[in-house]
Amino acid sequence: MDIPAPLTPLDEDWERALCVVAHPDDMEFGGAAAVARWTGQGKWVGYTMVTSGEAGIDGLDPEESRRVREAEHVESARIVGVGTVDFLG
C-alpha cells in the first residue's frame, strides 16, 4: 500500500479572500473552520452564494425557504467573522 505524500501547508501571506459556493450551507460544511482561522488572523473574507437555497426545506414555500436560509447563512457567517455575504439568486 502506497502512503501518500504529506500535504503542503497553505501559504497564508494573503489579506483578502472571496468564497464562492452554490448553496448557503456549503461553507459551513466545507470551510467555516478555515474561514474562522483566517478572520482571526485579521484577514478579510467575503461570501458569495450562487443560490439562496430556495428548494432546501421540504414543506416550505420556496420564498419562505429563501428567507430562512439567507438569514441562517448571514448569522453563521457572522459567527466566523465574515461581514459580507452576497446572494446572486
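Author: Below, labels are set against their cut-offs; the model is predicted.

Reader: Why is H73 called buried?

Author: Its relative accessible area is 1%. Buried means under 20%, so H73 qualifies. H73 is found in helix α3, residues 62–79.

Reader: What makes the pair H73 and E28 a polar contact?

Author: Their side chains are joined at 3.1 Å.

Reader: How do you know that the buried residues of α2 lie on the same side?

Author: The buried residues in α2 (32–40) are A32, V35, W38 and T39. They cover an arc of only 120° around the axis, which puts them on the same side of the helix. Exposed A33 and G40 sit on the face turned away from that buried side.

Reader: What do the buried residues of α2 pack against?

Author: They pack against β1 (16–21), α1 (26–30) and β2 (44–49).

Reader: What makes β1 and β2 a pair?

Author: Pairing needs at least two bridges. β1 and β2 have 6, so they pair. They run parallel. V20 stands opposite T48 in β2.

Reader: Why are β1 and β3 called edge strands?

Author: The open sheet has 3 strands in the order β1-β2-β3. β1 and β3 (84–87) each pair on one side only, so they are the edges.

Methods: Residues are numbered from 1 along each chain as its sequence is written. This is a predicted model: local features need pLDDT of at least 70, side-chain atom pairs count only at pLDDT 80 or more; totals for chains, interfaces and linings use all residues. Side-chain values use heavy atoms; hydrogens and water are left out. Buried means under 20% relative accessible area, exposed over 50%, partly exposed in between (1.4 Å probe, protein chains only). Helices (H or I, at least four residues) and strands (E, at least two) are DSSP runs, numbered from the N terminus. The arc is that of the directions from the helix axis to the C-beta atoms. Contact means heavy atoms within 4.5 Å. A polar contact is a pair of N or O atoms within 3.5 Å; within protein, one must be able to donate a hydrogen and the other to accept it, and residues adjacent in sequence count only if both atoms are side-chain atoms.
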